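Visitor: Could you take me on a close look at one helix and the parts that pack around it? I would like to see how its neighbours meet it.

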Amino acid sequence: MTRNPSIPLWSIILPPVGLIAVLASVAKLGGIGASIGAIVLIGCVLAAVHHAEVVAHRTGEPFGTLVLAISVTVIEVSLIVSLMLADGGDGATLARDTVFAAVMIILNGIVGLCLLAGGARHHEQRFVQRGVSATLAVLGAMVVLTLVLPNFTSSVAGPVYSDSQLVFVAVMSLILYATFVLVQTVRHRDYFLPATSGALPADAHAEPPTIRTTWMAFGLLLVALVAVVLLAKGLAPTLEKAVVGAGLPLTLVGVAIAALVLAPESLAAYRAAKRNRLQTSLNLALGSALATIGLTIPSVAVVSLVLDLPLSLGIDAKGITLLGLSLMVSILSLGTGRTTVLQGVVHLVIFAAYLFTTIVP
């Protein structure tokens, strides 16, 4: 998955620089500090992608993509929980907005960009349909149980679950995700391996990195991800002020958080698609969506129950419509095992509609 298994100097330097920027609180130093923080954040994203590719090249599919998906999601959970606690109960919809934004960004933004980029360069790309179909089945069940069903339960007024319902949905999400990981990595691993037909990418037979290099890359990956999330957290208040000052909906804060946290996965998936590794790209994108729900919802549910914080999960009618459209189009566009630029454009149009209706409700 990587052209060069070695670790360049820039990718070693940037993650510690990110932590230094966090400790120095550069995001609180006004406009210049926020700009520096944003630049360092982008650098840490690029470093994270490189180290993830090194680890993935050593471990192979689908374990490599699973490393980045779970790593990013675990830290995303920490970011959401910390912001919920900092808001003192005012962040009841933060988890919902962030998770929903992550699902829409992945299903339409990342997948659409990957299909478009891969189709433009390779005309038609192939992948193993069985693995993608299984992933979409689990994803559909998860998003409906967590983001749609709360609107139609009657034990508690509003788009929220009662305590017992929240526990049930959290446990079911964990069961679904754990079962998916078991199927992906053990019982039916071949469903998620790249299709052997078609042209192989130039780096398909590149020499894998050594064990020492792999562990070094894994450690730097974690440091880079921590820096990305902490920098994003530091920039969040500035972003929130800018959103309020522009008269835009606060929902955009959740969208921005999701976009920042998903940046390493997005770039890695895009690069994989351009290298004619669409299976790897879809494994990473759709696996990230599952990890986002399967790990984030149970975690915020525990925090909500233990600390008695309000948690609103149900999305509105507009969100349900766009979510249903996204799932339907994903099933159709990824239901043949082959994709072209057409499917990519369709997904990106839906993503544009989501962004536009978020800004102009």
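Guide: Gladly! From the N terminus on, the elements run α-α-α-α-β-α-α-α-α-α-α-α-β-α, which comes to 12 helices and two strands (DSSP runs numbered from the N terminus: H or I of at least four residues, E of at least two). This is a predicted model, with pLDDT of at least 70 needed for local features and 80 or more for side-chain atom pairs, while totals for chains, interfaces and linings use all residues. Residues are numbered from 1 along each chain as its sequence is written, and side-chain values use heavy atoms, without hydrogens and water.

Of the 361 residues in the chain, 52% count as buried (under 20% relative accessible area, 1.4 Å probe, protein chains only). Among contacts (heavy atoms within 4.5 Å) with a separation of 6 or more, 86% join residues 24 or more positions apart.

Let us settle on helix α10, residues 278-307. Helix α5, residues 129-148, packs against α10 at about 30 degrees, with the axes 10 Å apart (lines fitted to C-alpha atoms over the stretch in contact, with angles of 0 to 180 degrees between N-to-C directions). That angle makes α5 roughly parallel to α10 (under 35 degrees; over 145 is roughly antiparallel). Their crossing is left-handed (the near helix turned anticlockwise from the far one by less than a right angle). On the α5 side, V132, T135, L136, V138, L139, M142, V143 and T146 make the contact, and α10 brings L282, L286, A289, L290, I293, G294 and I297. By class, this contact has 12 nonpolar, three polar and no charged residues.

Now for helix α6, residues 163-187, whose axis comes within 9 Å of that of α10 and crosses it at roughly 150 degrees. This makes α6 roughly antiparallel to α10, and the crossing is again left-handed. From α6, D163, L166, V167, A170, S173, L174, Y177 and F180 meet L290, A291, I293, G294, L295, P298, A301, S304 and L305 of α10. Here the classes come to 13 nonpolar, three polar and one charged residues. L290, I293 and G294 are among the α10 residues that touch α5 and also among those that meet α6.

Finally, look at L278, also found in α10. L278 counts as buried because its relative accessibility is 2%. Leaving aside neighbours within four places in sequence, L278 is in contact with L115, Q125, R126, F127, A272 and T339. Q125 lies 153 residues away along the chain, yet the C-alpha atoms of L278 and Q125 are separated by 6.8 Å.

Definitions and conventions. Angles under 35 degrees count as roughly parallel, over 145 as roughly antiparallel, 65 to 115 as roughly perpendicular and the rest as oblique. Ala, Val, Leu, Ile, Met, Phe, Trp, Tyr, Cys and Pro count as nonpolar, Asp, Glu, Lys and Arg as charged, and the others, Gly among them, as polar. Buried means under 20% relative accessible area, exposed over 50%, partly exposed in between (1.4 Å probe, protein chains only).
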